Every structure is written in C-alpha cells, then in structure tokens.
Amino acid sequence: MQKNRRHIGILNQLISARKHNRKLFVVLLDPDHAQGQALEQMIDKGKSAEVDMFFVGGSLMTSDGMDDCLETIREVSGIPSILFPGNPIQLSEKADALLYLSLISGRNAELLIGNHVVTAPFLMKSQVEIMPTGYMLIDGGAPTTVSYISNTLPIPADKPDIAMATAMAGQLLGLQLIYLDAGSGAKNPVSAEMIAQVRKAVDLPIIVGGGIRTPEQAARAAQAGADVIVVGNQLEENAELVFEMARTVHAVNYA
Ligand code: 1GP
C-alpha cells in the first residue's frame with residue numbers, strides 16, 4: 001500500500017530531526033478560526049519564519065474549511081501539511097500526512113481503536129502518509145475542549161511517572177510518535193519536568209503543544225527534550241510572534 005502514497009517522508013523527517021537534535025517548530029491552524037485573507041497571511045508569515053510544518057485540525061470543527069486550508073498551505077508555502085484530526089471526519093486527501101492518533105492517556109475505546117477501524121479502509125487507499133501517534137493529554141490546569149470532547153481524564157500534571165509509563169507502552173505497541181498535549185488554550189503548558197521524564201523513557205520523536213504562549217516557554221519545552229513544538233492559539237492572537245517563536249525553537253540544541 002505504501003507505494004501509492006504521495007509522501008512517505010514526513011515521519012522520516014521527524015526521526016532524522018530527532019537524531020540530529022534539530023528542533024522543529026509547527027503552527028497549528030484550526031480551519032474554524034483561520035480563513036480567507038487571515039489564513040493566507042498566517043501561512044505566508046509561517047513561510048517567512050521558516051516554520052517546519054503546519055498541523056491542521058481542531059477538537060470541534062463547525063466549518064468545512066479543511067480542504068481550503070490545505071490547498072492554501074500548498075499554494076502559498078509548499079510547507080508540509082499534517083492532519084491533526086479531532087474526529088474521524090477530519091480526513092482529507094489534500095494533506096501530506098496524518099497524525100493517526102491513539103489517545104493512550106485515556107480509556108475511551110473509540111479513541112484507542114474504534115475510530116481507527118472506521119477509517120482504516122479509507123486510509124489504506126489514501127495517498128496521505130499515515131503516522132501512528134501515541135496521543136497523551138496532560139492536565140493543563142483547566143478543562144479543555146479536547147478533554148470534554150474526548151470524554152477522558154488527562155494525566156495529572158504532577159505525575160510524570162504515569163506519563164513515562166504511558167509513553168513506554170506507546171513505544172512498545174509500535175507507535176512512531178508521542179504527542180504530549182495540554183490541550184489548545186491550556187492555562188499551563190506541559191511542564192519541562194514531565195517532558196524530560198518522557199524523553200528519558202522513549203526514543204521516539206516527541207511533539208509538545210497546548211498553552212505555549214511565549215518563545216521562552218517554547219524554548220523550555222525544546223530544551224527539556226521535545227523535538228517538535230506546536231503553537232496554535234497564541235499565533236491566532238498575535239501572528240507576528242511566529243518569527244520569534246520559530247527562531248527561538250530552531251536555536252535550541254538538545255544534547
Ligand atoms: C493543541 O497542541 C496544540 O492541540 C496547540 O495548542 O492552541 O494552545 O497553542 P495551543
């Protein structure tokens with residue numbers, strides 16, 4: 001099946017970046033929030049700031065702007081676009097890759113396997129690169145849309161040992177990426193301590209996002225061992241920040 005895929009290289013790019021300690025900066029675009037000119041401008045700024053990838057998705061999408069968003073990314077920037085689906089209908093052939101998320105911090109069977117069964121026949125025929133991802137929600141200080149919609153409890157922020165064991169299980173199950181997410185707009189981002197513990201526990205590339213508002217917070221996450229830093233909300237408020245965020249993350253070298 002892999003031979004049909006348009007790209008099989010994005011997971012390899014993430015693995016190679018991890019191997020060479022090159023930190024990546026990703027902008028999360030929620031097609032419900034960014035549309036038309038504002039979307040084009042954000043993508044254009046992302047290109048100038050040399051962001052590495054765009055994630056596209058949202059916990060709850062009420063518009064049908066997904067395809068438009070993916071097309072605009074391709075036309076304006078040529079930067080890889082990765083689907084970060086909040087639910088199984090957020091799939092599109094216009095993306096380069098898909099974070100095939102298993103919510104391993106939760107115990108909701110639909111988000112561990114049910115949705116995968118429903119979407120598998122479509123994905124087997126798709127040209128989109130599939131990236132099996134252990135998705136872990138970490139308590140960010142207040143309930144977020146994703147914890148409500150997923151009907152799961154996040155891992156307590158002060159329990160890095162639970163996060164460690166969960167990430168280890170993800171690696172043993174054969175997942176290829178770990179995503180530590182405090183949820184979009186979280187009050188507190190995932191702590192450096194938790195990221196560092198998970199870093200020690202697994203070899204996989206680690207993506208970290210949720211509630212990162214400043215370049216310092218982004219740098220702290222990268223220094224603690226995150227390979228990919230994702231920012232959404234804050235850039236919707238202040239798109240100019242993308243330059244400093246990207247520069248700061250790219251400047252971190254984790255030894
Ligand atoms: C959420 O990790 C992403 O799933 C990004 O979060 O919107 O808070 O930056 P923010």
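User: Before we dig in, what does "buried" stand for here?

Analyst: Buried means under 20% relative accessible area. This is a predicted model, and in it phenylalanine 84 and tyrosine 179 are both buried.

User: How many aromatic pairs are there, and how do I read one?

Analyst: Check the ring centres, then the angle between planes: over 60 degrees counts as edge-to-face, under 30 as stacked. The structure has five such pairs. Take phenylalanine 84 and tyrosine 135: the centres sit 5.7 Å apart with planes at 85 degrees, so that's edge-to-face. Phenylalanine 84 is in the loop between β3 and β4 and tyrosine 135 in strand β5, so the pair ties together parts 51 residues apart in sequence.

User: What about phenylalanine 84 and tyrosine 179, stacked or edge-to-face?

Analyst: Stacked, at 4.9 Å centre to centre and 20 degrees between the planes. This pair links distant parts of the chain, with tyrosine 179 in strand β6, 95 residues from phenylalanine 84. Ring pairs also join Phe55, Phe84, Tyr135 and Tyr179 into a cluster.

User: And salt bridges, what's the idea?

Analyst: Side chains of opposite charge can pair when their charged atoms come close. There are six salt bridges here. In one of them, arginine 22 meets aspartate 52, with the closest N and O atoms 3.9 Å apart.

User: Is aspartate 52 buried or exposed?

Analyst: Buried, since its relative accessible area is 17%, while arginine 22 is partly exposed at 46%.

User: Which residues bridge at 2.9 Å?

Analyst: Lysine 94 and glutamate 71. Lysine 94 lies in the loop between β3 and β4 and glutamate 71 in helix α3, so their bridge ties together parts 23 residues apart in sequence.

Conventions
Residues numbered from 1 in each chain as written. Predicted model: local features only at pLDDT ≥ 70, side-chain atom pairs only at ≥ 80, totals over all residues. Heavy atoms only, no water. Phe/Tyr/Trp six-rings, centres within 6.5 Å; stacked < 30°, edge-to-face > 60°. Helix = DSSP H or I, 4+ residues; strand = E, 2+ residues; numbered from the N terminus. Buried < 20%, exposed > 50% of the residue type's maximum accessible area, 1.4 Å probe, protein only. Salt bridge = Lys/Arg side-chain N within 4 Å of Asp/Glu carboxyl O.
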